[in-house]
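Here are some notes on the charged side-chain pairs, for you to check against the coordinates. They are in numbered points.

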Amino acid sequence: MTHPVTDKTPVTLLGLGAMGTALARAWLAAGHPLTVWNRTPSRAQALAADGARTAGSAAEAVAANTLVVVCLLDEASVEDTLTGVDLTGKDLVNLTTGTPAQARTRAEWAAARGARYLDGGIMAVPPMIGVPDAGGYVLYSGAPDLFEQHRDTLAVPAGTAYVGENPGHAALHDVALLSAMYGMFAGAAHAFALIRSEDIDPTAFAPLLADWLTAMAPAVHLTAEQLRSGDYTKGVTSTLAMQTAGTPAFLATAEEQGVSPELLTPYFALMRRRLAEGGGEEDLTGVIDLLLRRPA
């Protein structure tokens with residue numbers, strides 16, 4: 001199958017799970033010649049009907065184009081798929097979820113095989129891909145010239161955010177942001193559990209919860225400024241001492257409502273520890289230092 005002549009950058013995509021398929025459809029819709037490969041060939045059939053070229057092997061797919069995007073299950077899958085494949089002169093963009101250390105190792109691995117490397121962290125779910133106003137984006141780190149060269153192509157499925165030359169920084173940003181998300185979900189889970197046994201409609205409570213979390217979110221900017229300056233008392237409105245004094249009410253309420261406090265107690269323990277170390281006039285920022293296994 002030959003692609004029509006176009007000025008759009010050809011793309012090879014390895015991996016056609018839910019996310020890979022969404023990426024593929026976005027590039028096809030934008031007119032990019034696309035070569036796809038998946039371990040289970042049947043997943044490529046619908047894309048072939050839409051104009052994608054299907055490759056019989058990962059090596060054949062990689063050989064087809066300079067820009068090679070990988071979106072597989074995990075780093076073990078990347079290793080298994082690309083071992084023995086000629087990457088000389090290729091621009092390898094790895095969107096597989098992994099750790100910062102894995103990304104740095106993969107960048108060295110790619111360079112040793114003659115390829116340039118970008119690591120990516122997808123901050124979106126498949127339905128957000130290819131939808132400009134959905135808010136999804138992809139974090140990229142690695143060679144800055146490589147990112148600039150392919151910025152427009154990479155921006156087709158979702159917005160792009162370049163976070164630095166260190167190949168591990170996209171994965172680090174990805175996990176940091178998702179960790180904050182799960183912390184928010186944990187707080188929301190505790191909140192819903194508290195009202196669960198009462199005559200309170202959760203759909204009526206939800207707007208209050210969403211608005212409150214939205215109102216509190218800008219506090220991260222103060223935390224960031226305190227971390228940068230080293231002054232954890234700067235701009236404080238509710239001191240650690242004041243907030244710690246209020247925690248028994250949270251635990252007592254959980255007890256009264258028959259709710260486990262297990263999502264709250266670790267954080268409250270860190271607050272008490274920081275207070276005992278003399279941080280009573282600070283904000284909650286000092287808790288961050290207690291989490292570090294080595295000095296910042």
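1. A salt bridge here is a side-chain nitrogen of Lys or Arg within 4 Å of a carboxyl oxygen of Asp or Glu. The model is predicted, and by this rule the count comes to 13 salt bridges.

2. One of the salt bridges pairs Glu75 with Arg106, with 3.1 Å between the closest N and O atoms. Glu75 belongs to helix α4 (residues 75-82) and Arg106 to helix α5 (residues 100-112), so this pair ties together parts that are 31 residues apart in sequence. Both Glu75 and Arg106 are buried.

3. Asp91 and Arg116 form another salt bridge, where the closest N and O atoms are 2.9 Å apart. Here the link is between distant parts of the chain, 25 residues apart: Asp91 sits in strand β5 (residues 91-94) and Arg116 in strand β6 (residues 116-123).

4. The two ends of that pair fall in separate burial classes, for which the cut-off is needed: buried means under 20% relative accessible area, and exposed over 50%. Asp91 has a relative accessible area of 3% and is therefore buried. Arg116 has 30%, so Arg116 counts as partly exposed.

5. Arg274 forms a salt bridge with Glu282, and the closest N and O atoms lie 2.9 Å apart. This pair is part of one network, in which salt bridges that share partners join Arg273, Arg274, Glu277 and Glu282. Of these residues, Arg274 and Glu282 are both buried.

Key
Residues numbered from 1 in each chain as written. Predicted model: local features only at pLDDT ≥ 70, side-chain atom pairs only at ≥ 80, totals over all residues. Heavy atoms only, no water. Helix = DSSP H or I, 4+ residues; strand = E, 2+ residues; numbered from the N terminus. Buried < 20%, exposed > 50% of the residue type's maximum accessible area, 1.4 Å probe, protein only.
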